[in-house]
Amino acid sequence: MDFVNLPLLAVSGMVFASVLVGLFSARIGFSFLLVFLLAGVLAGEDGPGGFRFDDYQLSFWVGNLALAVILLDGGLRTAFATFRTGLRPASLLASVGVVVCAAITAVAGVLFVGLDWPTAFLLGAIVGSTDAAAVFALLTRSGVTLNERVAATLEIESGVNDPMAVYLTLACIAVIGAQASQGSPWATVAWSFLQQFGWGALVGVAGGLAMALLLPRLVSRDAGGGVLALLVGAGGLSIFALAGLLGGSGFLAVYLFGLILANRAASAVAPLLVVMDGYAWLAQAGMFLLLGLLVTPSTLLDYTVPGLAVAATLILVARPAAVWLCLWPFRFSRRETWYIAWVGLRGAVPIVLALFPLMAGTPQAPELFNIAFLVVVTSLLLQGSTIGWMAHRLGVAMPESSDEPGHRAVFRDFELAPGTPISAVCDFYGLPAPDDSADAELELGHWMAKQLRGPPVAGDTVVLGPATFVVRELQDGRISRVGLGLMS
């Protein structure tokens, strides 16, 4: 039985040690996911483990399976209510933002790596999307509570931008392959776009609706939730595979499956979330360990300088440019925009996407894989470890209920009834009347919502003369509590 026990001991020991180290390292802001990745590297042929692993096909299969589980868990935890503030900006970031990010990163690929333009754009597509596993995990463990607008945008973006990155990666591989064969891939690329997003959305929504009808009928048969969590997991993976077989995006399908199910059968899904969280962490651990095994650090030395240059361009130029461009039409403050630009975490997705050109035999594929790995490590080290610190630095973190000084600093000292006419408030405090005479007839809450020009969230402010009005709380999307601060 040694052929069973030895590999089992090695794998379980790696996972145990990684989780143990990760729990302690998380206290100092070190990314939990990076611990798994580095554990795989140490177990590889250049590390103490000395295990040689180069099965790209197995890694590709495991990576896709793990991402499907992670996206399913993310969809199950996304409430429709968050779409009120995050859907439109997140959708733009997940589509136009990925393209802009890939294009600017491609320039770095040409300048610093010496790639030709098609291959450079392939590199940009590989590293162009944020990673759901990294964002979901690190936002949860960062110890900060973000305002609803920022949190919803980041979560929805990371859940739905993978299909665009996959599509761009496959399109670039097709273009490079067509150049070699003197063919024309553009019709195929356009049709693939329609298939990816059309079939992905259709299969995901239909599967979610069907499961939402079935699940509540089965709740009484599994009070603990373990078996039903297995049923939901298997259903999500079936949707992922079916969408892929039809030519659609399995990533989009499984995220929408979880989203529809969680919001149509919320009471039935709630007991399953603890089990699904375990599945998601197991998927992340297995995926990052395996991807770490694929990397040979000795081969990375030649790519360190160009890889770090690409990472710096992505983090400091491409991501901020894409975020500012996409969020410009929406009511985001400068601090919120800079924070969203900073939390452009890259994780397992770029490494999994870097396996596509390796399996397709694309020229310079090993170079693209090594650079993608360096980008991921840099992102997790630099961005992943500073999520909480940056939230406090930019003032987008909401105070804890027990933090009275912080609570007063954000929500101010006094509270007003949102149903009070704004004219009465102005008269009582000696404030200038609103510029629009029609606004003077509005209630305070309605006047604030109009001034905000978008869905309000807790923490939003409106300034009128020396007064600052703050949204303290919302109920059914409407302002239900208002804070007031007066400058002396």
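**Exercise 1. Find which residues Ser158 touches once its neighbours within four places in sequence are left aside, then decide whether Ser158 is buried or exposed.**

Step 1: Skip the neighbours within four places in sequence, and Ser158 turns out to be in contact with Leu71, Thr130, Asp131, Ala132, Val135 and Phe136. Keep in mind that we're working with a predicted model.

Step 2: Now place the residue. Ser158 sits in helix α7, which covers residues 148-160.

Step 3: Check the accessibility. Ser158 comes out at 0% relative accessibility, so it counts as buried. The cut-off you need here is under 20% relative accessible area.

**Exercise 2. Check whether the length of helix α2 agrees with what its residue count predicts, and work out how many of its residues are buried.**

Step 1: Helix α2 spans residues 32-43, which makes twelve residues. At 1.5 Å a residue, the helix should span 16 Å.

Step 2: Compare with the model. The end C-alpha atoms of α2 are 17 Å apart, which agrees.

Step 3: On to burial. α2 is mostly covered, with ten of its twelve residues buried. Those are Phe32, Leu33, Leu34, Val35, Phe36, Leu37, Ala39, Gly40, Val41 and Ala43.

Step 4: Follow the chain onward. The loop between α2 and α3 (56-76) holds Pro48. With a relative accessible area of 75%, Pro48 is exposed.

**Exercise 3. Work out the strand order of the open four-stranded sheet, and say which strands are at its edges.**

Step 1: The order is β3-β6-β5-β4, and the pairing is antiparallel.

Step 2: Look for strands that pair on one side only. Those are β3 (414-416) and β4 (461-464), the edge strands. On average, neighbouring strands of this sheet are turned by 30 degrees against each other, direction ignored.

Step 3: Walk across the sheet, pair by pair.

- β3 and β6 (residues 478-486) run antiparallel and are joined by three bridges; Leu416 stands opposite Val482 in β6.
- β5 and β6 pair in the antiparallel sense over eight bridges, and Phe469 has Leu484 in β6 as its bridge partner.
- β4 and β5 pair in the antiparallel sense over four bridges, with Val470 in β5 as the bridge partner of Thr461.

Step 4: Inspect the turns. The β4 and β5 hairpin has two residues between its strands, and Gly465 in the turn shows a positive phi of about 60 degrees. The β5 and β6 hairpin also has two residues between its strands, with Asp476 in the turn at a positive phi of about 55 degrees.

Step 5: α20 (residues 404-411) lies across β3, β5 (467-475) and β6, and runs at about 110 degrees to β5.

**Exercise 4. Classify the aromatic pair Phe240 and Phe251, then do likewise for Phe428 and Tyr429.**

Step 1: The structure holds nine aromatic pairs. For Phe240 and Phe251 the ring centres are 5.5 Å apart and the planes stand at 70 degrees, so the pair is edge-to-face. The cut-off for that label is planes over 60 degrees apart.

Step 2: Phe240 belongs to helix α10 (residues 226-245) and Phe251 to helix α11 (residues 250-264), eleven residues apart. Phe240 counts as buried at 16% relative accessibility, and Phe251 is buried at 7%.

Step 3: Phe428 and Tyr429 are also edge-to-face, at 4.9 Å centre to centre and 80 degrees between the planes. Here Phe428 counts as exposed at 66% relative accessibility, while Tyr429 is partly exposed at 30%.

Step 4: Finally, there's a cluster to spot: Tyr167, Phe193 and Phe197 form one aromatic cluster.

Terms used
Residues numbered from 1 in each chain as written. Predicted model: local features only at pLDDT ≥ 70, side-chain atom pairs only at ≥ 80, totals over all residues. Heavy atoms only, no water. Pairing = 2+ DSSP bridges. Axes fitted to C-alpha atoms, helices over the stretch in contact; angles between N-to-C directions. Contact = heavy atoms within 4.5 Å. Expected span 1.5 Å × (residues − 1). Buried < 20%, exposed > 50% of the residue type's maximum accessible area, 1.4 Å probe, protein only. Phe/Tyr/Trp six-rings, centres within 6.5 Å; stacked < 30°, edge-to-face > 60°.
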